Amino acid sequence: MPNALRRYAQVDVFSARPMLGNPLAVVVDGEGLDEATMQAFARWTQLSETTFLLPPTDPAADYRVRIFTPGRELPFAGHPTLGSCQVWLDHGGVPQREGEIVQQCGVGRVRIRRQRRADGGTRLAFAAPPLRRSGPVDAELHARVLAALQLPAEAVQAVQWVDNGPPWIAALLHDAAAVNALRPDPLHMRGLELGVVGAYPPGGELDVEVRAFVPELGVPEDPVTGSLNAGIAQWLIGEGRVARRYVAGQGRALGRDGRVHVEAEAGPDGDTVWIGGDVCGLITGAVRLS
């Protein structure tokens with residue numbers, strides 16, 4: 001559709017209130033765009049991710065999405081999954097199955113469902129994809145992480161791979177205060193996609209605080225990160241370091257107030273970790289991309 005206007009939306013993900021989560025640009029009519037145009041538009045929006053909705057090529061999927069940062073395409077990302085799904089539904093998408101939406105993306109199918117909120121409303125949640133790589137990083141990479149975070153070895157409890165498409169590494173600090181106080185070294189952060197997590201004292205509104213640093217993608221610090229929270233949850237729940245249901249905060253260092261709702265559901269083949277978040281619409285309209 002050369003010179004045609006395409007339906008467009010911008011939403012805030014992991015927040016029920018505008019401008020406190022992670023913004024996402026969604027081109028609803030993505031069919032017919034080439035990869036260079038998609039990447040150019042993602043670079044132009046300068047958001048952490050921009051997505052393009054397409055008809056599925058997998059008959060079991062309800063829709064297909066391509067996900068771009070300003071620097072490259074991603075096989076999977078969390079806040080684009082929730083935001084793209086909400087926009088697809090808002091623009092008339094009807095899932096094939098009652099109670100479940102199936103997204104097709106670079107890692108294959110991702111299941112999405114509605115979670116009940118305490119106020120009686122609902123939010124979307126995606127089933128965390130399996131980790132492609134897990135376990136402790138090697139000694140050289142561990143040293144790079146310490147240098148990037150500008151922390152001594154005793155300040156970091158563990159450093160693990162939590163790769164679920166994006167090649168995340170996660171560092172566990174002693175508490176949330178240490179996470180919020182971080183002042184990373186941008187030079188040593190190059191080449192890393194690094195998340196950091198630490199626990200709040202019991203009894204509060206939030207259980208852990210998370211931060212995500214991805215300078216190689218043109219995003220020095222991501223406001224709220226579903227894929228990272230998914231990998232961290234699989235690691236920490238699997239080792240019994242956190243409860244099977246908890247709430248993560250992210251974005252305070254950037255003036256945001258993102259909330260990630262995590263729940264591990266037992267099944268015959270092991271746990272499914274669900275990553276939930278509210279989606280708040282901000283902009284609807286049209287965009288010309290050719």
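On a 1 Å grid over the protein atoms alone, a pocket is an open set of points with protein on both sides within 12 Å along at least five of seven lines, while a cavity is a set where a 1.4 Å probe fits but cannot get out; lining residues have an atom within 4 Å of a point. Grid points are joined across faces, edges and corners, and a volume is the space filled by probe spheres set on them. The model is a predicted one, and totals for linings use all residues. Residues are numbered from 1 along each chain as its sequence is written.

The largest pocket holds about 450 Å³ of space. Its lining counts 22 residues, with Ala127, Ala128, Pro130, Asp271 and Thr272 closest to the centre. Domain 1 (5-130 + 277-288) and domain 2 (133-261) both contribute to this lining, so the largest pocket sits between them; the domain bounds come from an automatic or database domain assignment.

Next comes the second largest pocket, at about 270 Å³. It is lined by 15 residues, and Ala16, Glu205, Arg259, His261 and Asp278 are the closest to its centre. Each of domain 1 and domain 2 supplies at least three residues to that lining.

The largest cavity takes up about 110 Å³ and has 19 lining residues, with Glu49, Leu74, Trp168, Asp222 and Thr225 nearest its centre. Both domain 1 and domain 2 give residues to this lining too, so the largest cavity also lies between them.

Terms used: Predicted model: local features only at pLDDT ≥ 70, side-chain atom pairs only at ≥ 80, totals over all residues. Heavy atoms only, no water.
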